[in-house]
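Please consult the sequence and the coordinates alongside the text.

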Amino acid sequence: MQLFGTSGIRRLFDKDLLELALRTGLAVGSVCKNVVVGGDTRTSTGAMKNAVAAGLVAAGAKCEDAGVLPTPTLAGAARRFDAGVMITASHNSPEYNGIKLLNPDGSAFSPAQQKEIEELILGESLEVAPWSEIGQSRGYPRAIEEHIERIARDFPKALDVKVALDCGGGAASVITPYLLRRLGCEVLEINCQPTGGFPRPSEPTEANLGDLMKAVRESGASAGIAHDGDADRMMAVDERGRFISGDKLMVILARAIGAKDIVTTIDASMVIEEMGFKVRRTRVGDNYVSEELKKGGDFGGEPSGAWVFPRSSLCPDGIYAAAQIASIASRNKLSKLAGGIPAYPILRGSIASDGVAVSALASRLESLKPVSVDKSDGFKLDFKDGWLLVRPSGTEPRIRLTVEARTETRVRELYDSVVTLIKAIGKKEK
């Protein structure tokens, strides 16, 4: 049984997940002896965090609790420890929860590290330390202020700008409003009270940010900023109240920090290469971006809103990204910056797999006559006028589809062709 997905362990909260949290603490505590833990605002986070902490100290490790805070904030604190354990289900709905394991450099545990922990969790060798060697647990209250101080050093000049901020009731509520005001911003808060039942769907997509877009238009703010539940993601709205796509935001952020060599995922737009960057691509998932950045690079990210600033941390940092957007908006109109970046038609969606394995599509996809095929993460087919990506979901029985082309007609043609192939195979399997 595989416990770790592309972003740690993530499931509906129930007794089994709580027991898994205890075993995870025992497993991590048998390998790492000085660990910091934290969690987002979900109602189940306290119970999960206490279970992990119990496992850590029972294994003989020292555990420090940083409280409610974002994932990148915990990642910053992890510099002082052997590892960090974050309780969060990120952008999933509030009935979910999960566990992310972080290295001192902010990166997620590598596949090899995850395998080691997974084998311990699922095996029979987990032991409780003798009573005389039980670890200690105490608070670590400095993490939020340390994160604010670290980011503020990169923005020494006051930012005279008005921004609208939607934290979605998540963990960013305890830091982003205070950071932005510290940097000199006037902040219009939306959903910035921590709550276990998110007031809007947690993922910061265009469809979920109607209130933010309206607030920007009505208030005259220069930018709108939105986070997901654990604030490893950040998306933005321009001064006209228009959502900025993740692909355009990647270019805007990369240019702002002077990046030349960037890492992104295979589902990002082909416009990234056209903007003159040296680009390396990975499988979908910010953990793969962070792993690749260990080999070098100025900036990394994926269109979903996870942005990695390696000079600061290898953890996607929506808080740092929020400061960058405020700084950019204080000097330029976001609408002008976004308008200067080409945009090609792109369709993203999914279809129930009904038992259809992506591998079963291989020969049929070849009938579309691609120029090349990349099999590193599902199947990515490149064409002279676009590309398509077919990959299995890591969280549900669905097949994810992403298609980009230079014309609306072509993007729809490619998308419909793949849907037809999947449905045909599904009928054949039945």
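The model is predicted. It comprises 14 helices and 19 strands. The radius of gyration is 22 Å, close to the 22 Å that the globule rule gives for 430 residues, so the protein is as compact as a globular protein of that length.

**Overall dimensions and surface**

- The C-alpha trace spans about 70 × 60 × 40 Å along its principal axes.
- Of the 430 residues, 57% count as buried.
- Contacts between residues at least 6 apart in sequence include a 67% share that joins residues at least 24 apart.

**Strand E13 and its partners**

- Strand E13 covers residues 299-302; Phe299 and Gly301 point one way, Gly300 and Glu302 point the other way, and all are buried.
- Strand E11 (residues 261-265) pairs with E13 in the parallel sense, over 3 bridges.
- Within that pairing, Phe299 of E13 is the bridge partner of Ile262.
- Strand E14 (residues 306-308) runs antiparallel to E13, and 3 bridges join the two.
- Opposite Gly300 stands Val308 of E14.
- The hairpin of E13 and E14 has 3 residues between the strands, and in this hairpin Gly305 takes a positive phi near 110°.

**Helix H10**

- Helix H10 (residues 286-293) is mostly covered, with 6 of its 8 residues buried.
- These buried residues are Asp286, Asn287, Val289, Ser290, Glu292 and Leu293.
- The strands against which the buried residues of H10 pack are E11, E12 (278-282), E13 and E14.

**Aromatic rings and charges over rings**

- The structure holds 5 aromatic pairs.
- One of them joins Phe299 and Trp307: the ring centres are 6.3 Å apart and the planes stand at 15°, an angle under the 30 degrees cut-off, so the pair is stacked.
- Both Phe299 and Trp307 are buried.
- Phe299 and Trp307 also belong to a cluster that ring pairs form together with Phe155, Phe309 and Tyr320.
- Arg406 lies over the face of Tyr344, at 4.9 Å from the ring centre.
- Arg410 lies over the face of Phe383, at 5.2 Å from the ring centre.

- Val403 is located in strand E19 (residues 398-405).
- What is the relative accessible area of Val403? The value is 1%, under the 20% limit, so Val403 is buried.
- Leaving aside residues up to four places away in sequence, Val403 touches Pro345, Ile346, Leu347, Trp387, Leu388, Val411, Leu414 and Tyr415.
- Val403 and Lys380 are 23 residues apart in sequence, and their C-alpha atoms are 9.5 Å apart in space.

Conventions
Residues are numbered from 1 along each chain as its sequence is written. This is a predicted model: local features need pLDDT of at least 70, side-chain atom pairs count only at pLDDT 80 or more; totals for chains, interfaces and linings use all residues. Side-chain values use heavy atoms; hydrogens and water are left out. Buried means under 20% relative accessible area, exposed over 50%, partly exposed in between (1.4 Å probe, protein chains only). Helices (H or I, at least four residues) and strands (E, at least two) are DSSP runs, numbered from the N terminus. Two strands pair if DSSP finds at least two bridges between them. Contact means heavy atoms within 4.5 Å. Rings of Phe, Tyr and Trp (its six-membered ring) pair if their centres lie within 6.5 Å; planes under 30 degrees apart count as stacked, over 60 as edge-to-face and the rest as tilted. A charge sits over a ring if NZ of Lys or CZ of Arg is within 6 Å of the ring centre and within 35 degrees of the ring normal. The radius of gyration is taken over C-alpha atoms; the globule rule is 2.2 Å times the number of residues to the power 0.38.
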